[in-house]
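Hi,

Here's the structure I said I'd pass on to you.

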Amino acid sequence: MKKLILVAAIAAATTVGSVNAATIYEGKGLTYKLKGDWQVQLRDNASKTKDAEVEFDDLELKNSITYDLGNGLKAFGQLDFGFKDAAEDKQSGSKLEEAYLGLDFGMAAVAVGKQNNAADEFGVEGAYEHAVSEDAFDAAGQTDGDDVIRLDVATDNFTLITSTELEAEGENSAGDASFEVFAATSVGGVELAAAYQTIDKTAGDVDSWGLSAATKLGSVALAADYSSRDTGSVDLDTYNVVAKFKASKTTTFALGLTEEETSASTDATQIYANVTYKFPAQKNVSVFAEISDIDEDGKDLDLDVLAGMRIKF
């Protein structure tokens, strides 16, 4: 689930590790952190005509290594494994999700390898599960790759991320050659972001772009985005609107809408509401529930319902 755009959080992408990560070792200029994100939920996915089942999401272990090279320079490496498909008997063993090395210069960092690209940073939706595409970049199907070169630049109030996926003929890359750029800033308490991606496909280029805005009014966070994909044949527009209400220090409600419109008149709309409770003694342990109403091509489908638990460290 993508979060509401927070410039400070996005800027943290230029540094390795996370406040949630557990430090396994620290000494002699070396820091090794291990981060986990495990989510298990019971879901009645009525829009897909499935029976109720146990689903696994974000069963990830993230390994982060940082070496202090002195003079403000750091070397870092990331090796992430996902076990979602293994838990659902779709494959044996883990799936390598990220594997990259890089250098952190302070305000800027460059990384090379298997990782998310700049377009993956875009989005403000707040659903736990999506029955339609989250945004035009997600619909284009290329928000990561295994031949990605990525540059992150961050200041106190501005973030710029660029990336490129090499064509890598004869290799098992995630997709065709691409270039992405993402920028975010804050103006008068409103967080603004923009993204652009072009994918060089054999059948023709695929261009996508998007704009988003988010603000906070007391205990209510409001956000919206618009993104568009142009394939030269079937075009796609997506809209997201979401509001999050903090009822207490432990409980948050979210209400949102995602709409997907295509030039082929195959539209889809998802309206969702969810609630998340974080245990006061351990904020990284939470339980949640969500209900979604899905409307595809004029068909009013049954409600999607889910409830689950999440543990992070």
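Let's start with S292, which sits in strand β16 (residues 285–296). Strands here are DSSP runs of E with at least two residues, numbered from the N terminus. S292 counts as buried because its relative accessibility is 3%; buried means under 20% relative accessible area, exposed over 50%, and partly exposed in between (1.4 Å probe, protein chains only). Its side chain makes a polar contact of 3.0 Å with the side chain of Q270. A polar contact is a pair of N or O atoms within 3.5 Å; within protein, one must be able to donate a hydrogen and the other to accept it, and residues adjacent in sequence count only if both atoms are side-chain atoms.

Before you go further: this is a predicted model, where local features need pLDDT of at least 70 and side-chain atom pairs count only at pLDDT 80 or more, while totals for chains, interfaces and linings use all residues. Residues are numbered from 1 along each chain as its sequence is written, and side-chain values use heavy atoms, with hydrogens and water left out.

Now the salt bridges. The structure has ten of them, each being a side-chain nitrogen of Lys or Arg within 4 Å of a carboxyl oxygen of Asp or Glu. In one, R310 and D37 meet at 2.7 Å, N to O. This pair links distant parts of the chain, with R310 in strand β18 (residues 304–312) and D37 in strand β2 (residues 30–44), 273 residues apart. Both R310 and D37 are buried.

R43 pairs with D304, their closest N and O atoms being 3.5 Å apart.

What about D80 and K62? They form a salt bridge too, with the closest N and O atoms 3.2 Å apart. D80 lies in strand β4 (residues 73–82) and K62 in strand β3, so the pair joins parts 18 residues apart in sequence. D80 is buried, at 0% relative accessible area, and K62 also counts as buried, at 18%.

Happy browsing!

Notes: Helices (H or I, at least four residues) and strands (E, at least two) are DSSP runs, numbered from the N terminus.
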